[in-house]
Amino acid sequence: MKLLYATSFEKTSGLANRFQVLAMARSFGKVLDKNFILGAASFEDKKDDILIHNFKTTKSSILAWRVLKFVRKNNIKVVYSREQNLLFFLVIFNALFFRLPVKVVYEVHTIQKTLRGNILDWFLGRFIFLHVFLTDHLKQAYVRKYKLSETSKIVVAHDGVDISTFDVNISKQEAREKYNLPQDKKIIGYFGRFKTMGMDKGISDILKALKNLPTNIVFLAMGGKKRDREEYEIQAQNLGVRDRVIFVEQFEQHILAEYQKAVDIFLMPFPDTEHFRYYMSPLKMFEYMAAKRPIVTTNLPSIREVLNETTAMIVPPGNPAKLEQAINYLLDNPKIGEELSRLSFLKVSQYTWEERCRIILEVI
């Protein structure tokens, strides 16, 4: 079986969606070997572990046409994508002009908010071979809204992680020395984009909690666009904690993984919005689990599909005081933090990228 992952992405970058596509491509390649191809608008084509074909367009209609010509020429059996517009044109063009016996797989990341988006997802629900959902709650909402039939092929596959990337052999002290981080402080850390679709991901609550935490605790925040870092720098200044916050730009994964080893506690205090509550499958959650540090996160259904009280400290969303209490508790009780991180690390083996690909391929 030959599978093509089709995307309109132009390049690999620090964005989570690009990274997720590339991680899936690498894992599909490991499982399928030469029977897998990543079809992009313009990705770097010198990656030894991925066979890439660049279609040289980001326009969904043109890309869909070129994808179908490539499918016909190369005897592709499955086309996989997370892009609604691309899949719409692909289904239409195949029905009208190509009539190829190709299975189309749609990886769904959200419930559409616009009329056009809802119409397209309703349409795709009638013609897609397999829907892949990031969370069970997203699946339930999607099936209910678009009335998928009982015979529809559906699979829930959370995002994943390459464990070897984050379980690196460097001590906390060595990591702090390497990146000039304080040895005599407790470090709480957040890694990744500071905002999603313009929504705060809990950085504000961390800064408010930090104000009331002991002064020997500093906050390391890595990632975020420059304008977002500047916004939170102002917030930290206004709260009187700017000298206890270390803002670092986003680095490549091998550097990020070493920074994570310098941290005492990982933070993931997502707010209670529809997106965070039901639809997200945060990459940072699996990276945190693989890095063997205790996690403090918020009590949301999407989080509880993976973590619970045996693997993380779970606090109410939008409550800096409870976040502060959880951080203090873990720092005062390091043995409990060690047990949480141990059990969390054991569980993350279920969520590797390769395991995710195998789950999807079994259904295909």
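Modeller: Rings of Phe, Tyr and Trp (its six-membered ring) pair if their centres lie within 6.5 Å; planes under 30 degrees apart count as stacked, over 60 as edge-to-face and the rest as tilted. This is a predicted model, in which local features need pLDDT of at least 70, side-chain atom pairs count only at pLDDT 80 or more, and totals for chains, interfaces and linings use all residues. Residues are numbered from 1 along each chain as its sequence is written, and side-chain values use heavy atoms, with hydrogens and water left out.

Biologist: How many aromatic pairs does the whole structure hold?

Modeller: A pair of aromatic rings is described by the distance of the centres and the angle of the planes. The search finds 25 aromatic pairs here. Take F251 and Y259: the centres are 6.1 Å apart and the planes are at 10°, so this pair is stacked. F270 and F276 are stacked too, with 5.4 Å from centre to centre and 20° between the planes.

Biologist: Is F251 buried or exposed, or partly exposed?

Modeller: Buried means under 20% relative accessible area, exposed over 50%, partly exposed in between (1.4 Å probe, protein chains only). F251 has 31% relative accessibility, so F251 counts as partly exposed. F270 is buried at 1%, and F276 is buried at 1%.

Biologist: Which residues form an aromatic cluster?

Modeller: One cluster is made of W65, F88, F89, F93, F97, F98, F123 and F127.

Biologist: Which charged residue lies over the face of F9?

Modeller: A charge sits over a ring if NZ of Lys or CZ of Arg is within 6 Å of the ring centre and within 35 degrees of the ring normal. R18 lies over F9, 4.1 Å from the ring centre. The charged end of K292 sits over the ring of F345, at 4.4 Å from its centre.

Biologist: What is the volume of the second largest pocket?

Modeller: Rolling a probe the size of a water molecule over the atoms shows where empty space is left. A pocket is an open set of points on a 1 Å grid over the protein atoms alone, with protein on both sides within 12 Å along at least five of seven lines; lining residues have an atom within 4 Å of a point. Grid points are joined across faces, edges and corners, and a volume is the space filled by probe spheres set on the points. The second largest pocket has about 260 Å³. Of its 17 lining residues, A23, S27, K30, D162 and W353 are the closest to its centre.

Notes: 1 Å grid on protein atoms, 1.4 Å probe; cavity = no way out; pocket = protein on both sides within 12 Å on 5 of 7 lines; lining within 4 Å.
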